[in-house]
Amino acid sequence: QLTSPRQPQPRQRRARHHNPFTQFLAQSKPSDSPTPEKPSQPENRVPLTLEEVVQLTVTNNTPIQNAYLDRIVQRASLRTAQGEFDPKLTPTLRTQLTGDGEDLDIENTQEQIQLGAEISLLLPTGGEIQVDWRSQLRSLNALTTEDSLRQGVTLSFNQPLLRDAGPEITRLNLDRALVQEDINLLALRDTLSAEIIQSIRLYRRLLQQQEQVNNTQVALENAKKALERQQALVEAGREAEFRLLTSEQNVTDFESQLIEAQNAVQSARLALLNQLGIERELPVMAVENVTEATQTPVKIATEEVEQMAFNNRPDYLIRLLSLKLAEFNVVEAKNNRQWRLDLETQYNQAFTDQSDVSAQLVLTRRLGNRKQDEENFERARVNLLQQENTLELREEEIRTEISDRIREIQLQFRQIELAQQAVTLAQRNLEAQEALVDAGEGNPFELREAQERLLNAKNRELQRRINYLNSLTELQRTKGTTLQQWGIRLERDS
């Protein structure tokens, strides 16, 4: 059963004192230095876990904040519909002066004050009760005078017998509002899930860029060591000096790649901070262990995933509720085709203390709108059939999506295993080329290619692992269990 969210407390946009990492940063600054440490230094970075990313997304993400603000209007609309059966009171106060039009004299002018109130109540059967009470006071100064205050009351009851009759028609607006409320909650769930998944992807993108920087640094260190060995061989007279050019160029190329990788880290960090809605200056660092999280394959049962998807996916459940709204439209259109037959009763107590009671049946039909009523009925009926067809198509699309997602996950884990083998082979090839260089028989070009292949193999393995984790995250959304996975619950509004 759906429950609605609690609206978060208002916050100042990008306010530093609302940031959970502000205290950490304050404690990390040296007490004897008036200037903050450079965020580019690893020792000054703020470790950020995946759980914290999800929490910050729910708290600070702008689209989620806007979705919660929409709930203010949505709840107001629901309360309006729920108050349809509440009594309606209309008080009236009227004062007037009357006199002779031919000889208008203030002394001959009479003052009258009229008080009244009208109360109406809509019944679940479609009937309506109205009470109209009215009093007439000749003057405020004439309260002690006999017959100065006259009162009257009218009580009427009208009950439709054909058109607009019955609880199904009377509660139509309320039922629509309740269904629309469930749709609004599902839309909020979908927004939360989409933004959480986007944050997770950006977090892993930052993690990937960080690891690529580490891989490039290792490759650069290997290239420098190879250059040192080449220089030693040249100094020993075992290598020609011109062969140093290739090794020097190799070092320069890896330094250039390292700069590009570091710039990619900054871009990924800013994208994540913008998504989380926190300060752009925070030197956050992703700390998820990708290798540990992708050691073993996840077992997935197709039938279980399908059942969870049909029970939890917001987009599918919204289509089911939209089908219910289409059924309401058919009921309304069918009701509008009927004749109006009303039972009208009235009790009237006049100012003269005389009363009368009346009852009548009224049969009416506006013939000029018949074609329009028929057209509206056919449109509502066809729309319902189209909704049913679309729902069946969506069910097949979800089953296909699940099959593709599971097959993709299985394939990606196999790609991780192949990427690991590629890294092992590239490492052995590099070791063999380094041994040849040490023996004075190696080729600097082949050594450079071996170093480049090892770096590319490590980056590809990292990419495979990131893709695998992202596919598992997308599977959660496919099942509609993203919020449950992260312990996020939408509670019923108070």
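This is a predicted model: local features need pLDDT of at least 70, side-chain atom pairs count only at pLDDT 80 or more; totals for chains, interfaces and linings use all residues.
Figure 1. Helix α6 covers residues 244-276. With 33 residues at 1.5 Å a residue, α6 should span 48 Å. Directly after α6 comes Gly277, and its phi is positive, near 75 degrees.

**Figure 2. Packing of helix α6 against helix α11.** The partner of α6 in this view is α11, which comprises residues 444-479. The axes of the two helices lie 9 Å apart and form an angle of about 20 degrees. Because angles under 35 degrees count as roughly parallel, α6 is described as roughly parallel to α11. The crossing of α6 past α11 is right-handed.

**Figure 3. Residues in the contact of α6 with α11.** On the α6 side, the contact is made by Thr246, Ser247, Gln249, Asn250, Asp253, Phe254 and Gln257. On the α11 side, Pro444, Phe445, Arg448, Gln451, Glu452 and Leu455 take part. Sorted by class, this contact of α6 with α11 has six polar, four nonpolar and three charged residues.

Figure 4. Ile278 is located in the loop that links α6 to β6, the latter being residues 284-286. The relative accessibility of Ile278 is 3%. Buried means under 20% relative accessible area, and Ile278 therefore counts as buried. Ile278 and Thr57 are 221 residues apart in sequence, yet their C-alpha atoms are 9.5 Å apart in space.

**Figure 5. Arg465 and its contacts.** Arg465 belongs to helix α11. Its relative accessible area is 3%, so Arg465 is buried. When neighbours within four places in sequence are left aside, Arg465 is in contact with Val290, Thr291, Thr294, Ile416 and Gln420.

**Figure 6. The chain in which these views are set.** The chain has 494 residues, of which 38% are buried. Its secondary structure consists of twelve helices and eight strands. Of the contacts between residues at least 6 apart in sequence, 77% join residues at least 24 apart.

Definitions and conventions: Residues are numbered from 1 along each chain as its sequence is written. Side-chain values use heavy atoms; hydrogens and water are left out. Axes are lines fitted to C-alpha atoms, for helices over the stretch in contact, and angles run from 0 to 180 degrees between N-to-C directions. Helices (H or I, at least four residues) and strands (E, at least two) are DSSP runs, numbered from the N terminus. Angles under 35 degrees count as roughly parallel, over 145 as roughly antiparallel, 65 to 115 as roughly perpendicular and the rest as oblique. A crossing is left-handed if the near helix is turned anticlockwise from the far one by less than a right angle, and right-handed if clockwise. Contact means heavy atoms within 4.5 Å. Ala, Val, Leu, Ile, Met, Phe, Trp, Tyr, Cys and Pro count as nonpolar, Asp, Glu, Lys and Arg as charged, and the others, Gly among them, as polar. The expected span of a helix is 1.5 Å times one less than its number of residues. Buried means under 20% relative accessible area, exposed over 50%, partly exposed in between (1.4 Å probe, protein chains only).
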